[in-house]
Amino acid sequence: MSQTFDVVVIGGGPGGYIAAIRAAQLGFKVACIDEWKNAAGGPAPGGTCTNVGCIPSKALLQSSEHFDHANHHFADHGITATNVKIDIAKMIGRKDTVVKQNNDGILYLFKKNKISFFHGRGSFAKAVEAGYEIQVTGAKEELLTARQIIVATGSNARALPGTPFDEETVLSNDGALRLGAVPKKMVLIGSGVIGLEMGSVWRRLGSDVTILEGLPTFLGAVDEQIAKEAKKAFDKQGLKIELGVKVGEIKTTKKGVSVAYTNAKGEAQSLDADKLIVSIGRVPNTIGLNAEAVGLQLDERGAIVVDAECRTNLKGVWAVGDVVRGPMLAHKAEEEGVAVAERIAGQHGHVNFNTIPWVIYTSPEIAWVGETEQQLKARGAAYKAGTFPFLANGRARALGDTTGMVKFLADAVTDEILGVHIVGPQASELIAEAVVAMEFKASAEDIARICHAHPSLSEATKEAALAVDKRTLNF
Ligand code: FAD
Ligand code: NAI
(Lines give C-alpha, C1' and ligand atoms only; values in the text may rest on other atoms or scores of the structure.)
(Ligands and ions follow the chains in the order given, each with its own letter.)
Protein backbone atom coordinates (compact mmCIF):
# COMPACT_ATOMS: atom_id res chain seq x y z
CA MET A 1 0.00 0.00 0.00
CA SER A 2 1.32 3.36 -0.95
CA GLN A 3 1.11 6.43 1.30
CA THR A 4 0.07 9.59 -0.50
CA PHE A 5 1.63 13.04 0.01
CA ASP A 6 1.41 16.37 -1.81
CA VAL A 7 5.20 16.74 -1.84
CA VAL A 8 7.94 14.14 -1.37
CA VAL A 9 11.48 15.44 -0.85
CA ILE A 10 14.36 13.04 -1.56
CA GLY A 11 17.40 14.09 0.49
CA GLY A 12 17.46 15.80 3.89
CA GLY A 13 20.45 18.14 3.49
CA PRO A 14 20.05 21.93 3.59
CA GLY A 15 18.32 21.90 0.19
CA GLY A 16 15.90 19.12 1.06
CA TYR A 17 15.00 19.70 4.70
CA ILE A 18 14.47 23.42 4.17
CA ALA A 19 12.29 22.73 1.10
CA ALA A 20 10.26 20.29 3.20
CA ILE A 21 9.77 22.84 6.00
CA ARG A 22 8.72 25.62 3.60
CA ALA A 23 6.32 23.27 1.77
CA ALA A 24 4.77 22.25 5.11
CA GLN A 25 4.45 25.92 6.14
CA LEU A 26 2.53 26.48 2.91
CA GLY A 27 -0.01 23.84 3.94
CA PHE A 28 1.17 20.80 1.98
CA LYS A 29 1.29 17.23 3.27
CA VAL A 30 5.03 16.56 3.08
CA ALA A 31 7.40 13.60 3.36
CA CYS A 32 11.20 13.85 3.47
CA ILE A 33 13.42 10.82 2.85
CA ASP A 34 17.07 10.80 3.91
CA GLU A 35 19.47 7.89 4.11
CA TRP A 36 22.37 9.34 6.17
CA LYS A 37 23.20 7.13 9.18
CA ASN A 38 24.92 8.13 12.40
CA ALA A 39 27.52 5.87 14.04
CA ALA A 40 24.74 3.86 15.71
CA GLY A 41 22.89 3.39 12.40
CA GLY A 42 20.17 5.89 13.31
CA PRO A 43 18.97 8.82 11.22
CA ALA A 44 21.29 11.80 10.82
CA PRO A 45 19.48 14.33 8.65
CA GLY A 46 21.28 17.47 7.51
CA GLY A 47 23.29 15.95 4.67
CA THR A 48 26.88 16.70 3.83
CA CYS A 49 26.57 20.13 5.42
CA THR A 50 25.64 18.87 8.88
CA ASN A 51 27.50 15.55 8.95
CA VAL A 52 30.75 16.00 7.02
CA GLY A 53 30.77 19.58 5.73
CA CYS A 54 29.95 23.07 6.95
CA ILE A 55 29.20 22.31 10.59
CA PRO A 56 31.95 19.83 11.59
CA SER A 57 34.60 21.76 9.63
CA LYS A 58 33.70 24.97 11.47
CA ALA A 59 33.79 23.09 14.82
CA LEU A 60 37.35 21.90 14.10
CA LEU A 61 38.38 25.31 12.77
CA GLN A 62 37.23 26.80 16.09
CA SER A 63 39.05 24.21 18.23
CA SER A 64 42.26 24.51 16.24
CA GLU A 65 42.07 28.32 16.35
CA HIS A 66 41.85 28.25 20.16
CA PHE A 67 44.93 26.01 20.21
CA ASP A 68 46.77 28.32 17.84
CA HIS A 69 45.86 31.37 19.93
CA ALA A 70 46.98 29.71 23.14
CA ASN A 71 50.31 28.83 21.53
CA HIS A 72 51.01 31.99 19.58
CA HIS A 73 48.82 34.92 20.60
CA PHE A 74 48.07 34.69 24.34
CA ALA A 75 51.56 35.96 25.18
CA ASP A 76 50.77 39.30 23.47
CA HIS A 77 48.00 39.77 26.05
CA GLY A 78 50.30 38.97 28.95
CA ILE A 79 48.87 35.50 29.38
CA THR A 80 51.32 32.68 29.95
CA ALA A 81 50.24 29.35 28.57
CA THR A 82 53.03 26.83 28.67
CA ASN A 83 52.91 23.20 27.68
CA VAL A 84 49.61 23.67 25.82
CA LYS A 85 48.27 20.29 24.77
CA ILE A 86 45.42 19.15 22.62
CA ASP A 87 43.35 16.03 23.19
CA ILE A 88 42.36 15.12 19.62
CA ALA A 89 39.80 12.53 20.73
CA LYS A 90 38.07 15.16 22.86
CA MET A 91 38.18 17.70 20.03
CA ILE A 92 36.62 15.19 17.60
CA GLY A 93 34.09 14.18 20.30
CA ARG A 94 33.03 17.82 20.70
CA LYS A 95 32.66 18.11 16.94
CA ASP A 96 30.47 14.96 16.93
CA THR A 97 28.29 16.47 19.67
CA VAL A 98 27.84 19.66 17.64
CA VAL A 99 26.85 17.52 14.62
CA LYS A 100 24.37 15.51 16.71
CA GLN A 101 22.77 18.69 18.09
CA ASN A 102 22.16 19.75 14.50
CA ASN A 103 20.81 16.30 13.45
CA ASP A 104 18.44 16.33 16.43
CA GLY A 105 17.42 19.90 15.68
CA ILE A 106 16.31 18.88 12.17
CA LEU A 107 14.36 15.86 13.48
CA TYR A 108 12.62 18.25 15.91
CA LEU A 109 11.81 20.63 13.02
CA PHE A 110 10.27 17.75 11.03
CA LYS A 111 7.99 16.97 14.01
CA LYS A 112 7.16 20.62 14.63
CA ASN A 113 6.14 21.08 10.99
CA LYS A 114 4.30 17.72 10.80
CA ILE A 115 6.62 16.41 8.09
CA SER A 116 6.74 12.60 7.77
CA PHE A 117 10.39 11.58 7.89
CA PHE A 118 11.53 8.31 6.30
CA HIS A 119 15.01 7.00 7.06
CA GLY A 120 16.29 5.19 3.99
CA ARG A 121 17.06 5.53 0.32
CA GLY A 122 14.42 7.07 -1.92
CA SER A 123 14.28 6.02 -5.56
CA PHE A 124 11.88 6.57 -8.43
CA ALA A 125 9.71 3.46 -8.94
CA LYS A 126 7.46 4.72 -11.74
CA ALA A 127 5.29 7.53 -13.03
CA VAL A 128 1.62 6.99 -12.21
CA GLU A 129 -1.57 8.93 -12.82
CA ALA A 130 -1.30 10.55 -9.37
CA GLY A 131 2.29 11.67 -9.98
CA TYR A 132 5.24 9.45 -9.07
CA GLU A 133 5.78 6.42 -6.89
CA ILE A 134 8.88 6.65 -4.72
CA GLN A 135 10.30 3.50 -3.18
CA VAL A 136 11.90 3.90 0.24
CA THR A 137 14.50 1.25 1.07
CA GLY A 138 15.72 1.24 4.65
CA ALA A 139 14.92 -0.49 7.90
CA LYS A 140 11.35 -0.56 6.54
CA GLU A 141 10.25 -0.74 2.90
CA GLU A 142 7.68 1.93 2.03
CA LEU A 143 6.02 3.16 -1.12
CA LEU A 144 5.11 6.86 -1.31
CA THR A 145 3.09 8.63 -4.00
CA ALA A 146 3.10 12.37 -4.70
CA ARG A 147 2.37 14.75 -7.56
CA GLN A 148 5.36 16.96 -6.63
CA ILE A 149 8.84 15.55 -6.04
CA ILE A 150 11.85 17.61 -4.95
CA VAL A 151 15.21 15.91 -5.50
CA ALA A 152 17.96 17.21 -3.19
CA THR A 153 20.45 14.35 -3.20
CA GLY A 154 23.58 16.52 -2.90
CA SER A 155 27.11 15.69 -3.98
CA ASN A 156 30.10 13.45 -3.22
CA ALA A 157 33.84 14.18 -3.07
CA ARG A 158 35.63 13.75 -6.39
CA ALA A 159 38.45 11.17 -6.26
CA LEU A 160 41.60 11.36 -8.34
CA PRO A 161 41.45 8.80 -11.15
CA GLY A 162 43.11 5.57 -9.95
CA THR A 163 43.29 6.75 -6.32
CA PRO A 164 40.06 5.85 -4.53
CA PHE A 165 39.40 7.17 -1.02
CA ASP A 166 40.19 4.60 1.68
CA GLU A 167 39.48 7.17 4.45
CA GLU A 168 42.54 5.81 6.30
CA THR A 169 45.40 7.28 4.27
CA VAL A 170 43.70 8.80 1.24
CA LEU A 171 41.00 11.00 2.70
CA SER A 172 37.99 12.86 1.43
CA ASN A 173 36.35 15.54 3.60
CA ASP A 174 34.81 12.67 5.56
CA GLY A 175 38.10 11.14 6.75
CA ALA A 176 39.75 14.55 7.07
CA LEU A 177 37.17 15.49 9.73
CA ARG A 178 37.71 12.47 11.96
CA LEU A 179 41.45 11.83 12.20
CA GLY A 180 42.46 10.21 15.48
CA ALA A 181 45.83 11.95 15.76
CA VAL A 182 47.70 14.87 14.26
CA PRO A 183 49.62 13.56 11.23
CA LYS A 184 53.28 14.59 11.22
CA LYS A 185 53.12 15.35 7.51
CA MET A 186 50.07 15.94 5.41
CA VAL A 187 49.60 16.57 1.70
CA LEU A 188 46.43 18.04 0.26
CA ILE A 189 45.62 18.09 -3.44
CA GLY A 190 43.58 21.13 -4.44
CA SER A 191 43.90 24.54 -2.79
CA GLY A 192 40.20 25.37 -3.04
CA VAL A 193 37.85 25.89 -0.15
CA ILE A 194 38.26 22.48 1.51
CA GLY A 195 42.03 22.39 0.93
CA LEU A 196 42.49 25.72 2.69
CA GLU A 197 40.05 25.06 5.55
CA MET A 198 41.22 21.51 6.30
CA GLY A 199 44.86 22.42 5.67
CA SER A 200 44.47 25.23 8.23
CA VAL A 201 42.94 22.95 10.87
CA TRP A 202 45.72 20.36 10.76
CA ARG A 203 48.53 22.92 10.36
CA ARG A 204 47.34 24.78 13.47
CA LEU A 205 47.39 21.50 15.36
CA GLY A 206 51.03 20.93 14.40
CA SER A 207 51.03 19.04 11.12
CA ASP A 208 53.53 19.93 8.40
CA VAL A 209 51.06 20.70 5.61
CA THR A 210 51.69 21.06 1.87
CA ILE A 211 48.89 21.85 -0.57
CA LEU A 212 49.43 20.99 -4.23
CA GLU A 213 47.31 23.02 -6.64
CA GLY A 214 46.99 22.33 -10.36
CA LEU A 215 46.20 25.88 -11.46
CA PRO A 216 48.97 28.50 -11.68
CA THR A 217 46.79 31.09 -9.89
CA PHE A 218 45.91 31.02 -6.21
CA LEU A 219 42.12 31.18 -5.63
CA GLY A 220 41.39 32.21 -9.22
CA ALA A 221 37.72 32.95 -8.52
CA VAL A 222 38.56 35.38 -5.72
CA ASP A 223 39.36 39.08 -6.33
CA GLU A 224 43.09 39.10 -7.15
CA GLN A 225 44.06 41.74 -4.58
CA ILE A 226 42.20 39.83 -1.85
CA ALA A 227 43.68 36.46 -2.89
CA LYS A 228 47.20 37.98 -2.84
CA GLU A 229 46.68 39.33 0.68
CA ALA A 230 45.34 35.96 1.86
CA LYS A 231 48.27 34.10 0.30
CA LYS A 232 50.72 36.39 2.12
CA ALA A 233 49.05 35.52 5.43
CA PHE A 234 49.03 31.75 4.71
CA ASP A 235 52.73 31.87 3.71
CA LYS A 236 53.53 33.60 7.01
CA GLN A 237 51.65 30.91 8.92
CA GLY A 238 53.72 28.19 7.26
CA LEU A 239 50.91 26.72 5.16
CA LYS A 240 52.89 25.58 2.12
CA ILE A 241 51.00 26.01 -1.15
CA GLU A 242 52.58 24.93 -4.45
CA LEU A 243 50.79 26.27 -7.52
CA GLY A 244 50.85 25.01 -11.11
CA VAL A 245 51.71 21.40 -10.25
CA LYS A 246 50.78 18.28 -12.16
CA VAL A 247 50.07 15.40 -9.83
CA GLY A 248 51.52 12.07 -10.97
CA GLU A 249 51.58 8.65 -9.34
CA ILE A 250 50.20 8.26 -5.83
CA LYS A 251 51.38 5.23 -3.88
CA THR A 252 50.13 4.20 -0.49
CA THR A 253 52.96 2.74 1.55
CA LYS A 254 53.26 1.01 4.91
CA LYS A 255 54.04 4.36 6.50
CA GLY A 256 51.53 6.47 4.62
CA VAL A 257 51.51 7.85 1.13
CA SER A 258 53.91 9.06 -1.50
CA VAL A 259 52.81 11.67 -4.04
CA ALA A 260 54.81 12.23 -7.22
CA TYR A 261 54.27 15.50 -9.07
CA THR A 262 55.82 17.94 -11.48
CA ASN A 263 56.23 21.46 -10.14
CA ALA A 264 55.54 24.72 -12.01
CA LYS A 265 59.12 24.70 -13.37
CA GLY A 266 58.56 21.23 -14.86
CA GLU A 267 60.81 19.51 -12.29
CA ALA A 268 59.89 16.05 -11.02
CA GLN A 269 59.17 16.07 -7.27
CA SER A 270 57.83 13.71 -4.68
CA LEU A 271 56.39 14.13 -1.20
CA ASP A 272 55.95 11.50 1.49
CA ALA A 273 53.22 12.06 4.05
CA ASP A 274 51.21 10.26 6.70
CA LYS A 275 47.90 11.38 5.21
CA LEU A 276 46.65 12.67 1.88
CA ILE A 277 43.49 14.76 1.57
CA VAL A 278 42.07 14.99 -1.94
CA SER A 279 39.99 18.15 -2.26
CA ILE A 280 39.59 18.69 -6.00
CA GLY A 281 35.89 19.46 -6.13
CA ARG A 282 32.67 17.49 -5.78
CA VAL A 283 30.39 15.57 -8.12
CA PRO A 284 26.58 15.70 -8.12
CA ASN A 285 25.04 12.61 -6.53
CA THR A 286 22.22 10.64 -8.13
CA ILE A 287 23.42 7.19 -7.03
CA GLY A 288 20.47 4.97 -6.24
CA LEU A 289 17.87 7.51 -7.36
CA ASN A 290 16.85 5.29 -10.30
CA ALA A 291 16.49 8.38 -12.49
CA GLU A 292 16.26 6.13 -15.57
CA ALA A 293 12.97 4.61 -14.39
CA VAL A 294 11.20 7.88 -15.11
CA GLY A 295 13.54 9.40 -17.71
CA LEU A 296 14.93 12.15 -15.46
CA GLN A 297 17.53 14.00 -17.52
CA LEU A 298 21.14 14.28 -16.28
CA ASP A 299 23.99 16.20 -17.92
CA GLU A 300 27.49 14.89 -18.74
CA ARG A 301 28.67 15.70 -15.17
CA GLY A 302 25.85 13.67 -13.70
CA ALA A 303 23.97 16.76 -12.50
CA ILE A 304 20.19 16.86 -12.86
CA VAL A 305 19.32 19.24 -15.68
CA VAL A 306 17.09 22.09 -14.45
CA ASP A 307 15.89 25.42 -15.77
CA ALA A 308 16.45 28.72 -13.96
CA GLU A 309 13.59 27.83 -11.58
CA CYS A 310 14.79 24.29 -10.71
CA ARG A 311 12.26 22.49 -12.96
CA THR A 312 13.56 19.22 -14.41
CA ASN A 313 12.45 17.74 -17.73
CA LEU A 314 9.63 15.92 -15.87
CA LYS A 315 6.36 17.60 -14.89
CA GLY A 316 6.17 17.94 -11.11
CA VAL A 317 9.81 16.92 -10.51
CA TRP A 318 12.17 19.62 -9.22
CA ALA A 319 15.83 19.50 -8.16
CA VAL A 320 17.82 21.81 -5.88
CA GLY A 321 21.24 22.21 -4.27
CA ASP A 322 24.51 20.47 -5.10
CA VAL A 323 22.82 17.99 -7.46
CA VAL A 324 22.10 20.82 -9.94
CA ARG A 325 24.17 23.58 -11.61
CA GLY A 326 25.51 26.56 -9.66
CA PRO A 327 27.74 26.98 -6.62
CA MET A 328 27.85 24.07 -4.20
CA LEU A 329 26.91 26.05 -1.09
CA ALA A 330 24.46 25.22 1.69
CA HIS A 331 22.77 28.63 1.60
CA LYS A 332 22.31 28.37 -2.19
CA ALA A 333 20.67 24.95 -1.70
CA GLU A 334 18.39 26.40 1.01
CA GLU A 335 17.33 29.36 -1.12
CA GLU A 336 16.48 27.03 -4.01
CA GLY A 337 14.53 24.74 -1.65
CA VAL A 338 12.40 27.65 -0.38
CA ALA A 339 11.84 29.02 -3.90
CA VAL A 340 10.71 25.61 -5.23
CA ALA A 341 8.24 25.07 -2.37
CA GLU A 342 6.81 28.53 -3.07
CA ARG A 343 6.56 27.83 -6.83
CA ILE A 344 4.68 24.59 -6.09
CA ALA A 345 2.25 26.74 -4.08
CA GLY A 346 1.81 29.04 -7.09
CA GLN A 347 3.95 31.79 -5.57
CA HIS A 348 6.92 33.56 -7.17
CA GLY A 349 9.94 32.03 -5.42
CA HIS A 350 13.14 33.82 -6.33
CA VAL A 351 16.88 33.21 -5.98
CA ASN A 352 19.28 36.03 -6.83
CA PHE A 353 22.47 34.34 -8.03
CA ASN A 354 24.27 37.71 -8.12
CA THR A 355 24.07 38.15 -4.37
CA ILE A 356 25.08 34.72 -3.09
CA PRO A 357 27.91 35.29 -0.61
CA TRP A 358 31.02 33.09 -0.47
CA VAL A 359 33.07 32.57 2.66
CA ILE A 360 36.30 30.69 3.26
CA TYR A 361 36.66 30.19 7.01
CA THR A 362 40.43 30.35 7.24
CA SER A 363 42.36 32.84 9.33
CA PRO A 364 42.14 35.47 7.92
CA GLU A 365 38.63 34.74 6.69
CA ILE A 366 37.88 35.48 3.05
CA ALA A 367 34.37 36.58 2.01
CA TRP A 368 32.87 38.16 -1.03
CA VAL A 369 29.71 38.94 -2.93
CA GLY A 370 29.23 40.18 -6.48
CA GLU A 371 31.85 40.73 -9.14
CA THR A 372 35.63 40.76 -8.75
CA GLU A 373 37.85 43.48 -10.21
CA GLN A 374 39.14 41.05 -12.85
CA GLN A 375 35.56 40.23 -13.90
CA LEU A 376 34.72 43.93 -14.22
CA LYS A 377 37.85 44.50 -16.31
CA ALA A 378 37.01 41.51 -18.51
CA ARG A 379 33.58 42.89 -19.33
CA GLY A 380 34.92 46.42 -19.84
CA ALA A 381 32.84 47.90 -17.01
CA ALA A 382 33.56 51.44 -15.83
CA TYR A 383 34.07 51.07 -12.07
CA LYS A 384 35.59 52.73 -9.02
CA ALA A 385 37.41 50.82 -6.29
CA GLY A 386 37.89 51.68 -2.62
CA THR A 387 39.83 49.73 -0.01
CA PHE A 388 40.34 50.12 3.73
CA PRO A 389 42.92 48.09 5.71
CA PHE A 390 42.05 46.55 9.08
CA LEU A 391 45.42 47.93 10.21
CA ALA A 392 43.67 51.31 10.52
CA ASN A 393 40.61 49.95 12.36
CA GLY A 394 40.56 50.45 16.14
CA ARG A 395 38.59 47.29 16.93
CA ALA A 396 40.94 45.16 14.81
CA ARG A 397 43.91 46.59 16.73
CA ALA A 398 42.19 45.85 20.05
CA LEU A 399 41.49 42.29 18.88
CA GLY A 400 45.11 41.93 17.81
CA ASP A 401 44.07 40.91 14.31
CA THR A 402 44.82 43.59 11.73
CA THR A 403 45.43 41.41 8.67
CA GLY A 404 43.56 42.24 5.52
CA MET A 405 41.13 44.77 4.13
CA VAL A 406 37.64 45.53 2.89
CA LYS A 407 37.33 46.37 -0.80
CA PHE A 408 34.36 47.98 -2.54
CA LEU A 409 33.76 48.01 -6.28
CA ALA A 410 31.10 50.42 -7.51
CA ASP A 411 29.76 51.58 -10.86
CA ALA A 412 31.73 54.62 -12.03
CA VAL A 413 28.59 56.47 -13.06
CA THR A 414 25.74 55.36 -10.80
CA ASP A 415 27.89 54.40 -7.77
CA GLU A 416 25.85 51.15 -7.43
CA ILE A 417 27.82 48.51 -5.51
CA LEU A 418 29.02 45.80 -7.91
CA GLY A 419 31.10 43.72 -5.53
CA VAL A 420 32.45 43.66 -1.98
CA HIS A 421 35.53 41.62 -1.08
CA ILE A 422 36.91 41.09 2.39
CA VAL A 423 39.95 39.35 3.78
CA GLY A 424 40.36 39.67 7.52
CA PRO A 425 38.78 39.06 10.92
CA GLN A 426 35.07 38.15 10.95
CA ALA A 427 34.78 38.56 7.18
CA SER A 428 32.05 35.87 7.30
CA GLU A 429 29.86 38.14 9.43
CA LEU A 430 30.84 41.45 7.80
CA ILE A 431 29.81 40.27 4.32
CA ALA A 432 26.11 40.19 5.34
CA GLU A 433 25.93 44.00 5.24
CA ALA A 434 27.26 43.97 1.68
CA VAL A 435 24.70 41.32 0.64
CA VAL A 436 21.86 43.41 2.06
CA ALA A 437 23.23 46.52 0.35
CA MET A 438 23.46 44.78 -3.02
CA GLU A 439 19.97 43.25 -2.68
CA PHE A 440 18.63 46.78 -2.16
CA LYS A 441 20.75 48.07 -5.06
CA ALA A 442 22.55 50.43 -2.69
CA SER A 443 25.30 52.79 -3.80
CA ALA A 444 28.69 52.97 -2.06
CA GLU A 445 27.57 56.39 -0.83
CA ASP A 446 24.55 54.76 0.92
CA ILE A 447 26.89 52.59 3.04
CA ALA A 448 29.28 55.51 3.58
CA ARG A 449 26.44 57.57 5.08
CA ILE A 450 25.14 54.88 7.48
CA CYS A 451 26.17 55.19 11.14
CA HIS A 452 28.30 52.16 12.10
CA ALA A 453 29.00 51.31 15.76
CA HIS A 454 32.38 52.29 17.17
CA PRO A 455 34.65 50.53 17.72
CA SER A 456 33.66 47.75 15.35
CA LEU A 457 35.12 45.89 12.41
CA SER A 458 32.11 47.07 10.41
CA GLU A 459 33.62 50.56 10.41
CA ALA A 460 36.14 49.17 7.92
CA THR A 461 33.18 48.44 5.62
CA LYS A 462 31.96 52.03 5.93
CA GLU A 463 35.48 53.35 5.36
CA ALA A 464 35.96 51.18 2.24
CA ALA A 465 32.70 52.62 0.92
CA LEU A 466 34.06 56.11 1.65
CA ALA A 467 37.30 55.13 -0.11
CA VAL A 468 35.35 54.65 -3.35
CA ASP A 469 34.96 58.44 -3.30
CA LYS A 470 38.53 58.91 -1.98
CA ARG A 471 37.37 60.31 1.36
CA THR A 472 38.29 57.83 4.07
CA LEU A 473 38.31 59.43 7.51
CA ASN A 474 40.75 57.17 9.35
CA PHE A 475 43.34 56.36 6.69
P1 FAD B 1 23.63 17.43 0.84
O2 FAD B 1 23.92 18.27 2.01
O3 FAD B 1 24.72 16.62 0.27
O4 FAD B 1 22.44 16.48 1.28
C5 FAD B 1 21.97 15.46 0.48
C6 FAD B 1 21.33 14.41 1.37
O7 FAD B 1 20.60 13.51 0.55
C8 FAD B 1 22.33 13.56 2.14
O9 FAD B 1 21.91 13.43 3.47
C10 FAD B 1 22.28 12.21 1.43
O11 FAD B 1 22.53 11.12 2.30
C12 FAD B 1 20.84 12.19 0.99
N13 FAD B 1 20.56 11.33 -0.16
C14 FAD B 1 21.23 11.24 -1.32
N15 FAD B 1 20.62 10.38 -2.16
C16 FAD B 1 19.54 9.91 -1.49
C17 FAD B 1 18.51 9.01 -1.82
N18 FAD B 1 18.43 8.44 -3.02
N19 FAD B 1 17.58 8.75 -0.88
C20 FAD B 1 17.61 9.34 0.34
N21 FAD B 1 18.57 10.22 0.69
C22 FAD B 1 19.51 10.49 -0.22
N23 FAD B 1 28.78 25.15 2.16
C24 FAD B 1 28.58 26.36 2.73
O25 FAD B 1 27.68 27.08 2.31
N26 FAD B 1 29.34 26.78 3.80
C27 FAD B 1 30.34 26.01 4.31
O28 FAD B 1 31.00 26.42 5.26
C29 FAD B 1 30.58 24.75 3.72
N30 FAD B 1 31.55 23.96 4.21
C31 FAD B 1 31.74 22.74 3.64
C32 FAD B 1 32.78 21.96 4.12
C33 FAD B 1 33.04 20.73 3.57
C34 FAD B 1 34.16 19.88 4.11
C35 FAD B 1 32.21 20.25 2.50
C36 FAD B 1 32.43 18.90 1.89
C37 FAD B 1 31.18 21.03 2.01
C38 FAD B 1 30.95 22.28 2.56
N39 FAD B 1 29.94 23.12 2.08
C40 FAD B 1 29.75 24.34 2.63
C41 FAD B 1 29.06 22.71 0.97
C42 FAD B 1 27.71 22.21 1.51
O43 FAD B 1 27.93 21.16 2.42
C44 FAD B 1 26.81 21.76 0.38
O45 FAD B 1 26.71 22.78 -0.59
C46 FAD B 1 25.42 21.42 0.90
O47 FAD B 1 25.47 20.40 1.86
C48 FAD B 1 24.51 21.00 -0.25
O49 FAD B 1 23.25 20.71 0.25
P50 FAD B 1 22.29 19.67 -0.47
O51 FAD B 1 21.04 19.65 0.34
O52 FAD B 1 22.20 19.98 -1.90
O53 FAD B 1 23.02 18.26 -0.37
P1 NAI C 1 37.07 23.63 -4.97
O2 NAI C 1 36.42 23.65 -6.31
O3 NAI C 1 36.85 24.73 -4.04
O4 NAI C 1 38.65 23.51 -5.16
C5 NAI C 1 39.24 22.48 -5.88
C6 NAI C 1 40.66 22.88 -6.22
O7 NAI C 1 41.34 21.74 -6.69
C8 NAI C 1 40.72 23.92 -7.33
O9 NAI C 1 41.59 24.96 -6.94
C10 NAI C 1 41.24 23.15 -8.52
O11 NAI C 1 41.99 23.92 -9.41
C12 NAI C 1 42.08 22.08 -7.85
N13 NAI C 1 42.26 20.86 -8.62
C14 NAI C 1 41.33 20.18 -9.31
N15 NAI C 1 41.87 19.08 -9.86
C16 NAI C 1 43.17 19.04 -9.48
C17 NAI C 1 44.24 18.14 -9.71
N18 NAI C 1 44.08 17.04 -10.43
N19 NAI C 1 45.45 18.44 -9.19
C20 NAI C 1 45.63 19.56 -8.44
N21 NAI C 1 44.64 20.45 -8.19
C22 NAI C 1 43.44 20.19 -8.70
O23 NAI C 1 36.66 22.21 -4.36
P24 NAI C 1 36.78 21.63 -2.88
O25 NAI C 1 37.76 22.40 -2.09
O26 NAI C 1 36.92 20.18 -3.04
O27 NAI C 1 35.36 21.93 -2.28
C28 NAI C 1 34.19 21.48 -2.96
C29 NAI C 1 33.08 22.46 -2.80
O30 NAI C 1 32.54 22.38 -1.50
C31 NAI C 1 33.51 23.91 -2.95
O32 NAI C 1 33.56 24.31 -4.29
C33 NAI C 1 32.42 24.61 -2.22
O34 NAI C 1 31.33 24.78 -3.09
C35 NAI C 1 32.06 23.64 -1.12
N36 NAI C 1 32.69 24.08 0.13
C37 NAI C 1 32.34 25.29 0.64
C38 NAI C 1 32.91 25.76 1.78
C39 NAI C 1 32.55 27.10 2.28
O40 NAI C 1 31.58 27.67 1.80
N41 NAI C 1 33.28 27.66 3.25
C42 NAI C 1 33.90 24.97 2.53
C43 NAI C 1 34.24 23.73 1.87
C44 NAI C 1 33.63 23.32 0.73
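Colleague: Which elements do the buried residues of α8 pack against?
Modeller: They pack against the strands β1 (2-10), β5 (142-151) and β16 (317-319), and the helices α1 (14-25), α2 (47-52) and α3 (54-72). Contact here means heavy atoms within 4.5 Å. This is a predicted model, in which local features need pLDDT of at least 70 and side-chain atom pairs count only at pLDDT 80 or more, while totals for chains, interfaces and linings use all residues. Residues are numbered from 1 along each chain as its sequence is written, chains are lettered from A and ligands numbered from 1 in the order in which they are written, and side-chain values use heavy atoms, with hydrogens and water left out.

Colleague: What makes α8 mostly covered?
Modeller: In α8, 11 of its 15 residues are buried, that is, under 20% relative accessible area with a 1.4 Å probe, protein chains only (exposed is over 50%, partly exposed in between). Among them are Ala 330, Lys 332, Glu 336, Val 340 and Ile 344.

Colleague: Why does the span of helix α8 agree with what it should be?
Modeller: Helices (H or I, at least four residues) and strands (E, at least two) are DSSP runs, numbered from the N terminus. The expected span is 1.5 Å times one less than the number of residues. The 15 residues of α8 (330-344) should therefore span 21 Å, and its end C-alpha atoms are 21 Å apart. After α8 comes Gly 346, with a positive phi near 80 degrees.

Colleague: What lines the largest cavity?
Modeller: Its lining includes Ala 157, Arg 158, Ile 194 and Arg 282. On a 1 Å grid over the protein atoms alone, a cavity is a set of points where a 1.4 Å probe fits but cannot get out; lining residues have an atom within 4 Å of a point. The search of the whole structure finds one cavity of 30 Å³ or more, and the largest cavity has a volume of about 50 Å³. By class, its lining has five nonpolar, four polar and two charged residues.

Colleague: Which residues touch the most other members of the largest nonpolar core?
Modeller: Of its 35 residues, these are Leu 196, Trp 202, Phe 218, Leu 219, Phe 234 and Ile 366. Such a core is a set of buried Ala, Val, Leu, Ile, Met, Phe, Trp, Tyr and Cys residues joined through side-chain atoms within 4.5 Å. Apart from it lies another core, of 30 residues, including Ile 417 and Ala 437. Leu 196 touches Phe 218, Leu 219 and Phe 234, among others, not counting residues up to four places away in sequence.

Notes
On a 1 Å grid over the protein atoms alone, a cavity is a set of points where a 1.4 Å probe fits but cannot get out, and a pocket is an open set with protein on both sides within 12 Å along at least five of seven lines; lining residues have an atom within 4 Å of a point. Grid points are joined across faces, edges and corners, and a volume is the space filled by probe spheres set on the points. Ala, Val, Leu, Ile, Met, Phe, Trp, Tyr, Cys and Pro count as nonpolar, Asp, Glu, Lys and Arg as charged, and the others, Gly among them, as polar.
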